[in-house]
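Subject: Structure for your review

Dear colleague,

Please find below the structure I am handing over to you. I would be grateful if you could look through it alongside the notes that follow.

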Amino acid sequence: MWLRALRFRPGLNLGLQGAVNLGWKLAAAINGWAPTELLDTYHSERFPVGERVMMQSMAQTALMSPGPEVTALRELFTELVEKPDVAVHMAHLLAG
């Protein structure tokens, strides 16, 4: 199922983006290119992104649950994703 394949990618992207964000800030602080207070911006920049990825992962997990209610939701979601604007929006969300 396509949802299963997409479920882990956003978390991997999140980790890589977080490492890059923190890495350049650490380098800048250590080398004196930026004040150490720059490190304090990591949480405010990355935490909301992490919350969004968690929400998407939980939604994808819910869509894979058994039951007639979820089957109906999957059918509705499939109809929505077939619309070009929705498909583009979902692609951007999943690409991070």
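The notes below go from the overall fold to individual residues.

Please bear in mind that this is a predicted model.

Overall fold

The protein contains five helices and zero strands. Of the contacts between residues at least 6 apart in sequence, 58% link residues that are at least 24 apart.

Burial and surface

Of the 96 residues in the protein, 21% are buried.

The nonpolar patch

Which residues make the nonpolar surface patch of about 260 Å²? The patch is formed by Leu73, Leu76 and Leu80. Leu80 belongs to helix α4, which covers residues 68-81. The relative accessible area of Leu80 is 37%, so this residue is classed as partly exposed, the range for that class lying between the buried limit of 20% and the exposed limit of 50%.

Gly23 and Leu39

Gly23 lies in helix α2, which spans residues 9-30. Because its relative accessibility is 33%, Gly23 also counts as partly exposed. Gly23 and Leu39 are 16 residues apart along the chain, and their C-alpha atoms are separated by 9.8 Å.

With kind regards

Notes:
Residues numbered from 1 in each chain as written. Predicted model: local features only at pLDDT ≥ 70, side-chain atom pairs only at ≥ 80, totals over all residues. Heavy atoms only, no water. Helix = DSSP H or I, 4+ residues; strand = E, 2+ residues; numbered from the N terminus. Buried < 20%, exposed > 50% of the residue type's maximum accessible area, 1.4 Å probe, protein only. Contact = heavy atoms within 4.5 Å. Patch = residues over 30% accessible without salt bridge, like charges linked within 9 Å, V, L, I, M, F, W, Y side chains within 5 Å. Areas by Shrake-Rupley, 256 points an atom, 1.4 Å probe, with all protein chains shown as cover. Salt bridge = Lys/Arg side-chain N within 4 Å of Asp/Glu carboxyl O.
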